[in-house]
Amino acid sequence: MDIVILGAGNVATIFGKLLFQKQHKILQIVGKTPEHAATLAMQLQAAFTTNINDIYTQADLYLFALPDNLIQETAAHPAFKNKFLVHTSGSIPAAIFKNFTEFFGVIWPIQSLNAPVEKLPEFPLAITIGNQSVLPDLMKLCKDLTDAQIVVLNDEEKRQLHLAAVFASNFSNYLYQMAFAYCREQNIPFSLLIPLIHETAVRIHDSIEPFAMQTGPAIRNDSVTIQKQQALLVQKPQYAKLYDLFTECIREEHLKNKSLNG
């Protein structure tokens, strides 16, 4: 495929390199800053521009690896009328393109991607399509991007999965940050928790409900330990609020599971 990539950030860089390695021709990088666009373009043997009016108009596909708030505004440019448009956002529907073309879709990497890493993590892909005619091309493109699972979702399913990803990744990472900050305040090495974090993640499988692996004072209903830990957080009301909320949620889930299992 002859492809124009809009954006020069993490996803644009990773997708661009992977597609280039699979013999797709990257015609042009359209970037916000000339430095970033030129750097990526040189790696992909492509032209570059920062002016949307100079975009190549003969590409097979236009890949929008842009911030969410720029996708629709950019796609409204006359150059994209009736073109094959694909974006990479988890939170923006494919239908954002429907006023500009009938050939559109989404390829969303279900992973937090960072271009500078030496080894890419495994990343499944979610495809959302405007109509069935674009599915074969998107499926072929996805197979050149990943060896992991590829799923076809509608806009609503993708929206729900994106929310689940926020819980699974963004919120859990913030909890790691809480633990990191608390350890630092107490002069305790956070590194002591790394094996625990790894093991907790490793135990999760798609065939086993994560709650089946739940441990800790809340699921044991260990009120003595809970009260002692709450006392440690008296001077940290935000931490205490989250501690109480999670403790109550775990207790409620445990009671629900007990009643379901007799």
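Is Tyr-62 buried or exposed? In this predicted model, in which residues are numbered from 1 along each chain as its sequence is written, local features need pLDDT of at least 70, side-chain atom pairs count only at pLDDT 80 or more, and totals for chains, interfaces and linings use all residues. Side-chain values use heavy atoms, with hydrogens and water left out. Tyr-62 is buried, at a relative accessible area of 1%, where buried means under 20% relative accessible area, exposed over 50%, and partly exposed in between (1.4 Å probe, protein chains only).

Secondary structure was assigned from DSSP runs, numbered from the N terminus, with helices (H or I) of at least four residues and strands (E) of at least two. Strands are taken to pair if DSSP finds at least two bridges between them. An open sheet of eight strands has mixed pairing and the order E3-E2-E1-E4-E5-E6-E7-E8. Strands E3 (47–49) and E8 (150–152) stand at its edges, each with a single partner strand, so one side of each is left without a neighbour in the sheet. On average, neighbouring strands of this sheet are turned by 20° against each other, direction ignored. Axes are lines fitted to C-alpha atoms, for helices over the stretch in contact, and angles run from 0 to 180 degrees between N-to-C directions.

Within the sheet, strand E6 (residues 104–109) pairs with strand E7 (residues 125–129) in the antiparallel sense, over five bridges. The bridge partner of Trp-108 in E7 is Ala-126. Helix H2 (residues 34–43) lies across strand E2 (25–30) and E3, and runs at about 165° to E3. Contact here means heavy atoms within 4.5 Å.

Aromatic rings of Phe, Tyr and Trp (its six-membered ring) pair if their centres lie within 6.5 Å; planes under 30 degrees apart count as stacked, over 60 as edge-to-face and the rest as tilted. The count by this rule comes to seven aromatic pairs. One of them joins Tyr-62 and Phe-80 edge-to-face, at 5.5 Å centre to centre and 80° between the planes. Tyr-62 lies in strand E4 (residues 61–64) and Phe-80 in the loop between helix H3 (68–75) and strand E5 (85–87), so the pair ties together parts that are 18 residues apart in sequence. Phe-80 is likewise buried, with a relative accessible area of 0%. The rings of Phe-180 and Phe-190 also form a pair, edge-to-face because their planes stand at 70°, with centres 5.2 Å apart. This pair links distant parts of the chain, Phe-180 being in helix H5 (residues 155–185) and Phe-190 in the loop between H5 and helix H6 (194–202), 10 residues apart. Phe-180 is partly exposed at 35% relative accessible area, whereas Phe-190 counts as buried at 18%. One aromatic cluster is formed by Tyr-62, Phe-64, Phe-80, Phe-97 and Phe-104.

Helix H5 also holds Tyr-182, which is partly exposed, with a relative accessible area of 24%. Leaving aside neighbours within four places in sequence, Tyr-182 is in contact with Leu-232, Leu-233, Lys-236 and Tyr-239. Tyr-182 and Tyr-239 are 57 residues apart in sequence and 9.5 Å apart in space, C-alpha to C-alpha. Lys-236 lies over the face of Tyr-239, at 4.5 Å from the ring centre; a charge sits over a ring if NZ of Lys or CZ of Arg is within 6 Å of the ring centre and within 35 degrees of the ring normal.
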